Amino acid sequence: AGQLRPLPSAGLPGDLLDLGIASRLRTDTNTTAKASTDFGQMAKASPEAVLHPRTPADIAALIRFSSSSPAPFPVAPRGQGHSWRGQSLAPGGVVVDMRSMGRAAGHRRINVSAAGAEPPYVDAGGEQLWIDVLRATLQHGLAPRVWTDYLRLTVGGTLSNAGIGGQAFRHGPQIANVQELDVVTGTGEMVTCSRDKNSDLFFAALGGLGQFGVITRARIRLEPAPKRVRWVRLAYTDVAMFTKDQEFLISSQVGEEVGFNYVEGQVQLNRSFVEGPKSTPFFSTLDMNRLARLASRTESPAIYYIEAAMYYNEDTTISVDQSLQKMDALLGQLSFHPGFVFTKDVTFVQFLDRVREEERVLRSAGMWEVPHPWLNLFVPRSRILDFDTGVFKGLLRDANPAGIILMYPMNKDRWDNRMTTMIPTGDDDVFYAVSFLWSALSVDDVEQLEKANESVMDLCAKADIEFKQYLPHHTSQDGWKQHFGAKWGKIAELKAKYDPQAILSPGQKIFTSRTEAIGIATA
Ligand SMILES: Cc1cc2nc3c(=O)[nH]c(=O)nc-3n(C[C@H](O)[C@H](O)[C@H](O)COP(=O)(O)OP(=O)(O)OC[C@H]3O[C@@H](n4cnc5c(N)ncnc54)[C@H](O)[C@@H]3O)c2cc1C
Ligand SMILES: Cc1ccn(-c2ncnc3[nH]cnc23)c1
């Protein structure tokens, strides 16, 4: 099965088979079908072939061939394919199955720096899953500082977006913790880049949505890893108190030594207490019953949770007591609903891999491999209460879609504006990630949830609430120009420089053709 058959002449140049990589190119429908959709299941588009590279040189050979061919064809690196709107697809072109390199080279593609390197770092292949990076670095008592909520994502995939999570308020997004990259550009050149070397490519590729090159290695800063985590959730019905406390916890008023290491937050619409699951991986049925009673007693249409975590080591009783005292001191300054503090004590890996538990529950309920019409926004702090009033107390007041809503603040000064990821451009020094992570359980759901997402963005536009999409999806070039704003000219220039045929990651739908990339850059 999957024996190589001559590539369909319609799709790709026949002499592609003369390349040394021909044996790693698969065109069978079973293989191409797997690369024709993604986690979101909101887009479908078949490639002509899938390349299973053994090394970055294989990727460079493919891209060189396409970019120098009279008819360049699209090439899309695919990490885990956990995009939600077709961003990793290559209609009519070749999808590069990045994970093949990990299978071929095993853990030789995760290398922790020699003892004494300050700060320590790990060189991780772009195809590596964060869970595997974690396991490898923990063997040295080290770990990356910033984590996405879910770890079965690739290094290249999250660095092509930004890589956000509850540690980002202190250490910035994952892209702020990268010291060096190896990138295969859109002309097939293999380039090492950093803040000081080929820096325009380095900054472009970080958050670059796969537009400027394929990340085949990232050098990521590490820190000593804790052994244990005190993981808490604090319930609020007053959104002003909820956001005030979140912003206090991420502010410099709380020193690194006494503060939480992780701060996120969730919004639970009240109807979900009546119709949703009676227990979750974090809350027991008893907890949920208490929360449901709170929800029924309050005017607020939602319960807001601060989710926080404090790292500690249990090697000495003192450090355990100290962490408990630190926690109590912090909680004493917060205004959550009295008695509505829920605590778990887990290992560092159990905490970081917590969404795996959610995945298990959702998979067993047949709610994981369903369409995910997501909407991820960055909203300036100064407008977050207006956003809450318009969305949670307005549009979604009586809604009860399946999925979760995240809402947590980050400090803008931890982000580097030279990187491609867009964050709100106003004067606020804090902005919120608000993620509507819907699961569509029926075809109607998809349409309704898409409409709900559109109405949220329309409400912001009408109320003049500036926002930027994270994991962005825009259906027109005007949409992308608005997304990138003042950065657009630079982005087009870098696209023309590093991917002049505009073959890379077409699923993002930013540049649809070569002439477009060149044309825009020279306009
Ligand atoms: C359950 C779940 C939880 C998530 N949680 C978080 C979270 O907490 N924080 C967060 O920031 N994100 C989160 N995400 C979003 C995640 O960052 C993106 O979906 C990311 O793209 C997934 O990585 P991937 O390996 O699947 O990339 P893919 O979806 O395969 O690719 C993403 C894009 O990057 C390109 N690309 C892939 N690999 C490379 C590479 N090596 N070099 C250059 N371009 C490349 C692709 O062409 C595509 O355009 C989550 C996603 C899911 C499904
Ligand atoms: C884009 C993004 C950010 C966080 N997620 C998540 N997806 C699924 N389950 C989650 N639980 C916490 N964050 C989650 C998804």
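The shell around ligand 2 divides into six nonpolar, one polar and two charged residues, where Ala, Val, Leu, Ile, Met, Phe, Trp, Tyr, Cys and Pro count as nonpolar, Asp, Glu, Lys and Arg as charged, and the others, Gly among them, as polar. This is a predicted model, in which local features need pLDDT of at least 70 and side-chain atom pairs count only at pLDDT 80 or more, whereas totals for chains, interfaces and linings use all residues. Residues are numbered from 1 along each chain as its sequence is written, chains are lettered from A and ligands numbered from 1 in the order in which they are written, and side-chain values use heavy atoms, with hydrogens and water left out.

The residues surrounding ligand 2 are Asp 149, Val 355, Glu 358, Trp 374, Asn 376, Ile 404, Leu 406, Leu 437 and Leu 471; a residue is near a molecule if one of its heavy atoms lies within 4 Å of it. Taken alone, ligand 2 exposes 350 Å², of which the protein buries 82% (Shrake-Rupley accessible areas, 1.4 Å probe). A side-chain N or O atom of Asp 149 lies 2.7 Å from a nitrogen atom of ligand 2, and one in the side chain of Glu 358 is 3.2 Å from a nitrogen atom of this ligand. Helix H13 (354-364) and strand S16 (402-411) each supply at least two residues of this shell; helices (H or I, at least four residues) and strands (E, at least two) are DSSP runs numbered from the N terminus.

Taken alone, ligand 1 exposes 950 Å², and the protein buries 95% of that. Its surroundings comprise 34 residues, the closest being Gly 79, His 82, Ser 83, Thr 154 and Tyr 470. By class, 13 are nonpolar, 19 polar and two charged. Strand S3 (75-78), helix H5 (155-159) and strand S10 (213-224) each contribute at least two residues to the shell around ligand 1.

The protein chain as a whole has 18 helices and 18 strands. Of its 523 residues, 59% count as buried, that is, under 20% relative accessible area (1.4 Å probe, protein chains only). In helix H2, 10 of the 12 residues are buried, among them Ile 59, Leu 62 and Phe 65.

Note on methods. Buried < 20%, exposed > 50% of the residue type's maximum accessible area, 1.4 Å probe, protein only. Polar contact = N/O pair within 3.5 Å; in protein donor to acceptor, adjacent residues only side chain to side chain.
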